[in-house]
Structure formats: structure tokens, C-alpha cells
Amino acid sequence: MPDRFDLPAGFRWGVATAAYQIEGAVKEDGRGPSVWDVFAARPGAVRDGHTGAVACDHYHRYPEDIALMKDLGLDGYRFSIAWPRVLPTGAGAVNPAGLAFYDRLVDALLEAGITPLPTLFHWDLPQALEDEGGWLNRDTAHRFADYTAVVADRLGDRIPAWITLNEPFVHMVYGYALGIHAPGRALMLDALPAAHHQLLGHGLAASLLHERGHDVLIANNLTPVRPASPSPEDLAAATAYDALHNRLFTDPLLLGRYPDLSAFGVADDLHGAVRPGDLDLIACSRLAGLGVNYYNPTRIAAPTDPGLPFAEAPIDGVPRTAFGWPVVPDGLRELLAGLRDRYGAALPPITITENGCSTTDDLDDQARITYLASHLDALATATTEGIDVRGYYTWSLMDNFEWAEGYHQRFGLVHVDFETQARTPKASYAWYRDLIAVHQASRRE
Ligand code: GBH
């Protein structure tokens, strides 16, 4: 596997994390409860009853974590801001101590020469807003914009670019359609207004960030959709799935309209959620970049039971991560080529805002090195095919709270002992550090 990839000159190297997965300190300094605190406390919701109450204790240990990032030589760090730390009830009174944490974090990152790339929402909605309907309630979009203004006023002098939402598809499907993530609602297609309200929140937040002169991105989890066979039934199912997973959260931003969801029996007002003017607002939040979180492709076949117009089919004959996810590096190139073909000139520059894998509890994580190297190779190929990719943020800096899997899946370059909180760099950490150094040296030539 090459240790140097043919990537553009200004390419940016980073790592990614999210607040609830690393911070802990959920009751400290006035933080309010989030949907994840409440969900994780439900018996059976998270494997072995794990919660994010302590996680990596990053809230207290952030100087040590930034030192690890500095030694990696990172250009950028993608982290998320916990809305319930800033506004404990989601709206109304600001919690100065919560804001102060991010203020310290940003200063320490800049001190270490690392550009902060904050995500404003990575699934930890203040529970008080969930009690009012969460993302099913249109009002949440406006509360998100208010929260964004508070954060931008405080940190904006040091933040060049913001990510509004992380993976609105996963949040809608896992959180509101299937109930396997917080807030644990299983509404199936009735969850669709949560898609529109998240995008509306993005649009409202983006316009006020633009007014303040900031760049705005969104981090979408996208997957190349492969039909299980060339049969018309499998092709139709793949088209329907692609609309739901990929296009629902990207077409409105880049094309100003929702994709055709008629295969789901859904009209393009998404169960009445879309009001006049909404799509203009969402589309005019012109993106400085599209964040892409890539893990694996998806194989889709004709439905086996009524209800939904598709069925997922296994991808066989490829390696799997410790999580059981198929490893298909070329899927990343395939995905980016598909985006270019679909959106053409409307496609903004791409940043890979997440990519990585979980491995066994082993410091010699050769499987991670192989995963990252093969995906960077596919990414380099995509750039030579004319796709504008600006940076790569691997998921994740360190092992952390992996949502419904608790601490059972380890995605980190750095190992965390969740008893002692000891951090130990894995083999992949040294590999990534050396890779970044080689690229940065050639940048200066
Ligand atoms: C991201 O979600 C999140 O942003 C992050 O918080 C999380 O920790 C990280 O990734 C790792 O999970 O059934 O084999 O086809 C990733 C969302 C959803 C990606 C399920 C892969 C399907 C695997 N994922 N998905 S498979």
C-alpha cells in the first residue's frame, strides 16, 4: 500500500470526533440533558447499558487530547458543540460556563496550530426540545438558528468554516424512523418531517453564518447504491433507496428541490412539512463545501415485504470491519464520481468529513492502516478524475462512545482504556502522523 497519495497541493489533514461520544461531564457546569442522556438510560437501548456520562472525559482531558493532535501534525480538527451545554433547555438562557468550554478548546487548538472545524449538531438535541417534538417540530429549526447565532457570536472571530448538521439521514432514520438511536422513536416514514426540519435548520443557520462572513458545510453520510442485479425490479429498488439515503439530503441543497419519493408513496411536500419559500432558503444556503462521511457502499434488491420499496442485500466476498461493515475502498471513488455526474457544476468542493473503521482492541491495528490507506488511494484516484477534494478527516481521533454499541466498537487512532482513561497511540496513529508529515513536506517544496 502506498504511503504517499497523489492528492492536491493544499489538501488538509484532520481527525473527527463528536461531543456526546467523547466529552462526558454530562452534568457539569450547567449542561442540560440531551436526548442521548435520556435514551442511553433506557434499559436495552445501548449495548450493556453503556452511556456517554463519562466517555473519554475529554471535557477535562482536552489539553492532553490536543497534545496528541499536535503530535499528529493535523491541519484541522472536526469536533461538535453540545447544544445542551450552550443552551441547557435548547432555547432561552445561555449557559456561560458551557460556552466557555468551547472557547478554551478553540484557543488551545489554535495555539497548537490546528484549525477548528466545529459541527453545530451531532445528534445531541436538548431534551427540552425533544419534549416539544424534537425535529418533528418545525420550531426546532428556528431554535437551531438561534443557537447557531449564540455560538457564532462567541467563537466566530476564530472559526473560518462551520458544519451545520452531521448525517441528517442517520439522525432521521435511526432516531425517528427505527428508534435505534435517540430519541428512540419508531415512526417509519412518518419520520420524514424530521428530514425537512433539519434541512430548514441548516438553511436558517447557514444564512446567518453567511451574513457574518463564514463558510458553511454540511456533513452527509452518503453511500453508492448498487442494485443487487440488473433486473428492472432491483434497479427500481436501488433508485428508490438512493433517493431516500443520498438525494433527500443533497438535492434540496444543490438543486433546490426534493427527489421523487413516489416509490414510498410520499409526495414532495414530505407529509406537509414543506412550506412555500423553504426550498429557496435551503438552496440559497450555498455551500462552501459538501462534507462526505463515507463508510461503505449499499447493495439493494427488490422488496421482500410490502411497506418499503427496497430490501438491503449483503455485500459478499469482501473483508469486514470489527463492526461487520463491508470494506469497499473503491466505493468512495464510485460515490464521488456519481456526485459529479449527478450535480455537475452545482457540486461544491468535497471534504471527507469522516472515514474510518472499528477494529479489535489491539494496539497493532494493521486493519485500520489498510482501511485508511486503501480509501486514501481511492480518494486520490477520484481527484485525478477531476473531482475537487479539499481534505480528509478520519473517524476518529480516539476510541469513544459508539452510540447504540456503547464502548464495544473502537474507531480510534488512539486507544482509550475506559477504566483508567489512559490514552495509548495505536500503530495507525504513527502511520497517519508520518503520512501527514510527508504530504506537508511536499507542500513546502
Ligand atoms: C457516523 O455514522 C457518525 O457520524 C459517528 O458519530 C459514528 O461514530 C461513526 O460514523 C461510526 O459509526 O450495515 O454494514 O451497511 C455512521 C453511519 C450507518 C455508517 C450505518 C455505516 C451501515 C453499515 N453509519 N452504516 S452496513
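**Exercise 1. The largest pocket**

Task: In this predicted model, determine how many residues line the largest pocket and which of them lie nearest its centre.

Solution.
Step 1. The lining of the largest pocket consists of 48 residues. Those nearest the centre are Phe169, Val170, Tyr174, Asn221 and His245.
Step 2. Two or more lining residues are given by each of the elements α8 (168-177), α10 (232-247), β8 (298-301) and β9 (311-313). The largest share belongs to α8, which supplies six residues.
Step 3. Sorted by class, the lining of this pocket holds 30 nonpolar, 11 polar and seven charged residues.
Step 4. The volume of the largest pocket is about 1,200 Å³.

**Exercise 2. The second largest pocket**

Task: State the volume of the second largest pocket, and identify which elements give two or more residues to its lining.

Solution.
Step 1. The volume of the second largest pocket is about 350 Å³.
Step 2. Its lining comprises 16 residues, and Leu117, Ala161, Leu217, Thr351 and Tyr393 lie nearest the centre.
Step 3. The elements that contribute two or more residues to this lining are β3 (115-121), β5 (215-221) and β11 (389-395).
Step 4. By class, the lining of the second largest pocket contains eight nonpolar, five polar and three charged residues.

**Exercise 3. Helices α13 and α14**

Task: Decide whether α13 and α14 are roughly parallel or roughly antiparallel to each other, and list the residues through which they meet.

Solution.
Step 1. Two packed helices are described by the angle between their axes and by the distance between those axes.
Step 2. The axes of α13 (residues 330-343) and α14 (residues 366-384) come within 7 Å, and they cross at roughly 30 degrees.
Step 3. Angles under 35 degrees count as roughly parallel. Therefore α13 and α14 are roughly parallel to each other.
Step 4. The crossing of these two helices is right-handed.
Step 5. On the side of α13, the residues that meet α14 are Asp330, Leu332, Arg333 and Leu336. Their partners in α14 are His375, Ala378, Leu379, Thr381 and Ala382. The contact of α13 with α14 has five nonpolar, two polar and two charged residues.

**Exercise 4. Helices α5 and α7**

Task: Describe how α5 and α7 cross, and state which residues make the contact.

Solution.
Step 1. The axes of α5 (residues 96-111) and α7 (residues 139-155) come within 10 Å and cross at roughly 45 degrees.
Step 2. At this angle, α5 is therefore oblique to α7.
Step 3. The crossing of α5 and α7 is right-handed.
Step 4. From α5, the contact uses Leu99, Ala100, Tyr102, Asp103 and Val106. From α7, the residues are Val150, Val151, Arg154 and Leu155. The contact of α5 with α7 divides into seven nonpolar, no polar and two charged residues.

**Exercise 5. Backbone features in loops**

Task: Locate the cis peptide bond that joins alanine 182 and proline 183, the cis bond from tryptophan 395 to serine 396, and the positive phi of tryptophan 123.

Solution.
Step 1. The bond between alanine 182 and proline 183 has an omega of about 5 degrees. Proline 183 is found in the loop between α8 and α9 (193-211).
Step 2. For the bond from tryptophan 395 to serine 396, omega is near 15 degrees. Serine 396 lies in the loop between β11 and β12 (414-416).
Step 3. Tryptophan 123 is not a glycine, yet its phi is positive, at about 80 degrees. Tryptophan 123 has its place in the loop between β3 and α6 (127-130).

Key: Residues are numbered from 1 along each chain as its sequence is written. This is a predicted model: local features need pLDDT of at least 70, side-chain atom pairs count only at pLDDT 80 or more; totals for chains, interfaces and linings use all residues. Side-chain values use heavy atoms; hydrogens and water are left out. Axes are lines fitted to C-alpha atoms, for helices over the stretch in contact, and angles run from 0 to 180 degrees between N-to-C directions. Helices (H or I, at least four residues) and strands (E, at least two) are DSSP runs, numbered from the N terminus. Angles under 35 degrees count as roughly parallel, over 145 as roughly antiparallel, 65 to 115 as roughly perpendicular and the rest as oblique. A crossing is left-handed if the near helix is turned anticlockwise from the far one by less than a right angle, and right-handed if clockwise. Contact means heavy atoms within 4.5 Å. Ala, Val, Leu, Ile, Met, Phe, Trp, Tyr, Cys and Pro count as nonpolar, Asp, Glu, Lys and Arg as charged, and the others, Gly among them, as polar. On a 1 Å grid over the protein atoms alone, a cavity is a set of points where a 1.4 Å probe fits but cannot get out, and a pocket is an open set with protein on both sides within 12 Å along at least five of seven lines; lining residues have an atom within 4 Å of a point. Grid points are joined across faces, edges and corners, and a volume is the space filled by probe spheres set on the points.
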